[in-house]
Number of protein chains: 2
Amino acid sequence: MTGLRERKKAETRAALGWAAIHLTAERGYDNVRVEDIAAAAGVSPRTFNNYFSSKAEAIASRHLDRSLRTAAALRERPADEPLWAALTQAALEQFTRGPEVEAMPSPAHAQWVAGVRTMLAEPALQGERLRAVAVAEAELAAAVAERTGTDLATTMYPRLVAAAASAAVAVAMQHYLDSADPPTPIERLITDAFTQLAAGLPAPPR
Amino acid sequence: MTGLRERKKAETRAALGWAAIHLTAERGYDNVRVEDIAAAAGVSPRTFNNYFSSKAEAIASRHLDRSLRTAAALRERPADEPLWAALTQAALEQFTRGPEVEAMPSPAHAQWVAGVRTMLAEPALQGERLRAVAVAEAELAAAVAERTGTDLATTMYPRLVAAAASAAVAVAMQHYLDSADPPTPIERLITDAFTQLAAGLPAPPR
DNA sequence: CGACTATTTGCGTGGCACGCATATATGCGT
DNA sequence: ACGCATATATGCGTGCCACGCAAATAGTCG
């Protein structure tokens, strides 16, 4: 099944995605040309658009992949685990850092974080990132429907759960990025967000 | 306060936004040039980009305005109304149809709905629409923070509520558009979604 | 090995976003 | 009512981007 062709395609896609992100974090969104990304991935400029239909999409691609993995992770959770517990765990699993980042020396890492922050602030990218989340949300909704035995077509329930879960993760990430020192661990924020959601978001004590 | 300048600006912006949506629903996204939109609004092509930084942004502009109105509506609700009731009402208020649509003759209206459906399916627009929702969500979070006396900077609560509310509306709209005949009234779907959210989205009976 | 299909590449085209300089419209103090 | 200061509209030029098409190249399978 996994012939040479398929593997090469996946590799090219990954290389393009990573190059896009890396260069953008380094130089800023509009100091990176499609040409540069293609060159960094060792491929012709024209080929870039065989994989992604825009620069923004390429940059968001890893975000998409990661988000999709949440749905897959939910399907892996034991069937007798309560829904919200399973969702929380599935979400948490996606926040282990990849090897490219893990291998960075410390000063480079600081610059990297700063670059990513700037990148996330770019309006042209936000839309694409949100679109990726939306796509993944659909997958997640399907997984929730399976797990709970509800009907995706006639009931809002699975979509509501998926949307709420995505929202929880998004809010936790935003909170994590905004509140600088000392950062509350992202795991705690996510757990927290899910707990509040499952409790119906009651007004907190004042 | 509301000088001639300000009013003209608002009018031009509205005209451009409406023209963009109208033409796109009619002919499809990439059969509409920026030039056409500008012409329909009686303004030079270059001026278009003084108001919107992309074609997609122009088309999403009304969506943005509407979403922003939800936050404003929440601020108008009586202070002693429970949070979720107030949110539900604020959301419902945004779903009264505008005069341009209301005045349409029936056959035109059917085509209009079809056009809007196609428009919403356009990938290039989805991102921009989602971005608009995100912007409005920030406003909504601020309003929630005010109303509940929670701190936007240190607590996730207001953002969680805002995100969940946006998600509820989005899911309701999607459900409304997907399930064709006979459509459940959107008001009922929205109310329903909010109720489930406020109850903590418990697994439904099977 | 040899035909078959998928993928890559180069080239050309149409369109878009925006910087900059200039013209025009509005606001405001006198 | 007038004219200066400021905001907005417009025209033009530039660089980049997405993509259609056709030729070349590389994997796949009998």
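What is the handedness of the crossing of H4(A) and H8(A)? The crossing of these two helices is right-handed, where right-handed means that the near helix is turned clockwise from the far one by less than a right angle, and left-handed that it is turned anticlockwise. The model is a predicted one, in which local features need pLDDT of at least 70, side-chain atom pairs count only at pLDDT 80 or more, and totals for chains, interfaces and linings use all residues. Residues are numbered from 1 along each chain as its sequence is written, while chains are lettered from A and ligands numbered from 1 in the order in which they are written. Helices (H or I, at least four residues) and strands (E, at least two) are DSSP runs, numbered from the N terminus.

**Surfaces near the DNA strands**

- Around DNA strand C there are 20 residues, of which Ser44(A), Thr47(A), Gly3(B), Ser53(B) and Ser54(B) come nearest; a residue is near a strand if its C-beta atom, placed from the backbone, lies within 6 Å of it.
- The surface near DNA strand C is made up of three nonpolar, eight polar and nine charged residues; Ala, Val, Leu, Ile, Met, Phe, Trp, Tyr, Cys and Pro count as nonpolar, Asp, Glu, Lys and Arg as charged, and the others, Gly among them, as polar.
- DNA strand D is surrounded by 19 residues, and the closest are Gly3(A), Arg5(A), Ser54(A), Ser44(B) and Thr47(B).
- The surface near DNA strand D has three nonpolar, eight polar and eight charged residues.

**Contact between the chains**

- Chain B places 36 residues in contact with 36 residues of chain A, two residues being in contact if their C-beta atoms, placed from the backbone, lie within 7 Å.
- On the chain B side, helix H8 (123-148), helix H9 (157-178) and helix H10 (186-198) each give two or more residues.
- H9(B) gives the most to this side, with 13 residues.
- The side of chain B that touches chain A divides into 22 nonpolar, nine polar and five charged residues.

**Helix packing in chain A**

- Helix H4 (residues 55-76) and helix H8 (residues 123-148) of chain A pack at about 15°, with their axes 8 Å apart; axes are lines fitted to C-alpha atoms, for helices over the stretch in contact, and angles run from 0 to 180 degrees between N-to-C directions.
- H4(A) is therefore roughly parallel to H8(A); angles under 35 degrees count as roughly parallel, over 145 as roughly antiparallel, 65 to 115 as roughly perpendicular and the rest as oblique.
- The residues of H4(A) that meet H8(A) include Ile59(A), Leu64(A) and Leu74(A), and those of H8(A) include Leu125(A), Val133(A) and Leu140(A).
- This contact of H4(A) with H8(A) holds 15 nonpolar, three polar and six charged residues.
- H1(A) and helix H7 (residues 106-121) of chain A pack at about 95°, with their axes 8 Å apart, and are therefore roughly perpendicular to each other.
- Thr24(A), Ala25(A) and Glu26(A) of H1(A) meet Trp112(A), Gly115(A), Val116(A) and Met119(A) of H7(A), giving four nonpolar residues, two polar and one charged.

**Helix packing in chain B**

- The axes of H8(B) and H9(B) come within 8 Å and cross at roughly 130°, so the two helices are oblique to each other.
- H8(B) passes H9(B) in a right-handed crossing.
- The contact of H8(B) with H9(B) consists of eleven nonpolar, two polar and two charged residues.

**Single residues**

- Thr150(B), in the loop between H8 and H9 of chain B, is buried, with 20 other C-beta atoms within 10 Å; a residue is buried if 20 or more other C-beta atoms lie within 10 Å of its own, exposed if 12 or fewer, and partly exposed in between, with C-beta atoms placed from the backbone.
- Not counting residues up to four places away in sequence, Thr150(B) touches Pro204(A), Ala145(B), Thr155(B), Tyr157(B) and Pro158(B).
- Leu201(A) lies in the segment after helix H10 (186-198) of chain A and has a positive phi of about 50° although it is not a glycine.
- Leu201(A) counts as buried, with 22 C-beta neighbours inside 10 Å.
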